[in-house]
Amino acid sequence: MKRSRSKKRRKVQVPVASMGDIAFLLIIFFLLLSEFAKDKDLPIALPESEQVEKTEAVVVARVAIDSSGDIYFDGDRVDNAKDVEWGIRALLTRTVSDNQRHVQFKCDARLPRETFEPVLKAIAEAGGIIEAVGEKP
Amino acid sequence: MFKRRKQKEKKHHTGEIPTGSFSDIAFLLIIYFLVATTLVKVQSVTADLPTGEKQADAQVDKTPVVNLRGTEIFFSDKKVSVENFNARLAALKLAEQPPENRVIMLESTKDTPYEVYFQALAAISSNHGVVAIVEEDE
């Protein structure tokens, strides 16, 4: 009598019908949250400093200047610093707090002032807080 | 013979879309995304540069000035190393000062590389200073 009961219990199946739905929900979640790094392949030698820290700030835009002095705004090449300013201005029109003003800035360490300073000023003029990317030595 | 073939065709038409392997495909896609995604957390220095027109009556005399001449750093017209520059800034105790007294003027020559500029920016920001870029008169 006891043996037959234990056998019946073993036949219980795990419900797997909703596994597909859960999996697809997870895919949608990852797709929506993923951010593709557009400036990953740019030739930029980052500057070094002891003071750099891992940032938790969410950036509204990414500005980069590669080793040849070309300026990129969110991965797309732009002609000059003025384009960066207008781009950031457009993005910051609906911002309500300082947390939404962070702009990532990557620049090649060897570039002279006349190349990077106009871009830094453009970000500041547009109301962005500069997140200057660097590395620890 | 002909009847048999018809029966076979019917079998194909009556079937529903096979969805049994959907979950497997979905999980494979998840694994792909998990493996292919790189979570990059960059290291950076935060600098909120003030903007506005140059004021003639501004307290320029009291404001510390940092000069970047090529690869050299000058603090109040004295050449300093990066470590020394940090120590000098720390001595100012900018965190305890009111916001208007935290301003550090940053002046640079045309040949100043971004590496040096970044180090100065990082030192000022980490010591709670506010960087004000000095523009050259044209």
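In this predicted model, helices α3(B) and α4(B) are roughly parallel to each other, because their axes cross at roughly 25°, and angles under 35 degrees count as roughly parallel. In chain B, helix α3 covers residues 82-91 and helix α4 covers residues 114-126, and the two axes come within 9 Å. The crossing of this pair is right-handed.

Which residues of α3(B) and α4(B) meet? From α3(B) come B:V82, B:F85, B:N86 and B:L89, and they meet B:Q119, B:A123 and B:I124 in α4(B).

Two packed helices are described by the angle between their axes and the distance between the axes. For helix α3 (residues 81-91) and helix α4 (residues 113-125) of chain A, the axes cross at roughly 20° and come within 8 Å. That angle makes α3(A) roughly parallel to α4(A). As α3(A) passes α4(A), the crossing is right-handed.

The contact in chain A can also be followed residue by residue. On the side of α3(A), A:A81, A:K82, A:V84, A:E85 and A:I88 take part, while α4(A) contributes A:P118, A:V119, A:A122, A:I123 and A:E125. How many of the residues in the contact of α3(A) with α4(A) are nonpolar, polar or charged? Seven are nonpolar and three are charged, and no polar residue is found there.

Note on methods
Residues are numbered from 1 along each chain as its sequence is written. Chains are lettered from A and ligands numbered from 1 in the order in which they are written. This is a predicted model: local features need pLDDT of at least 70, side-chain atom pairs count only at pLDDT 80 or more; totals for chains, interfaces and linings use all residues. Axes are lines fitted to C-alpha atoms, for helices over the stretch in contact, and angles run from 0 to 180 degrees between N-to-C directions. Helices (H or I, at least four residues) and strands (E, at least two) are DSSP runs, numbered from the N terminus. Angles under 35 degrees count as roughly parallel, over 145 as roughly antiparallel, 65 to 115 as roughly perpendicular and the rest as oblique. A crossing is left-handed if the near helix is turned anticlockwise from the far one by less than a right angle, and right-handed if clockwise. Two residues are in contact if their C-beta atoms, placed from the backbone, lie within 7 Å. Ala, Val, Leu, Ile, Met, Phe, Trp, Tyr, Cys and Pro count as nonpolar, Asp, Glu, Lys and Arg as charged, and the others, Gly among them, as polar.
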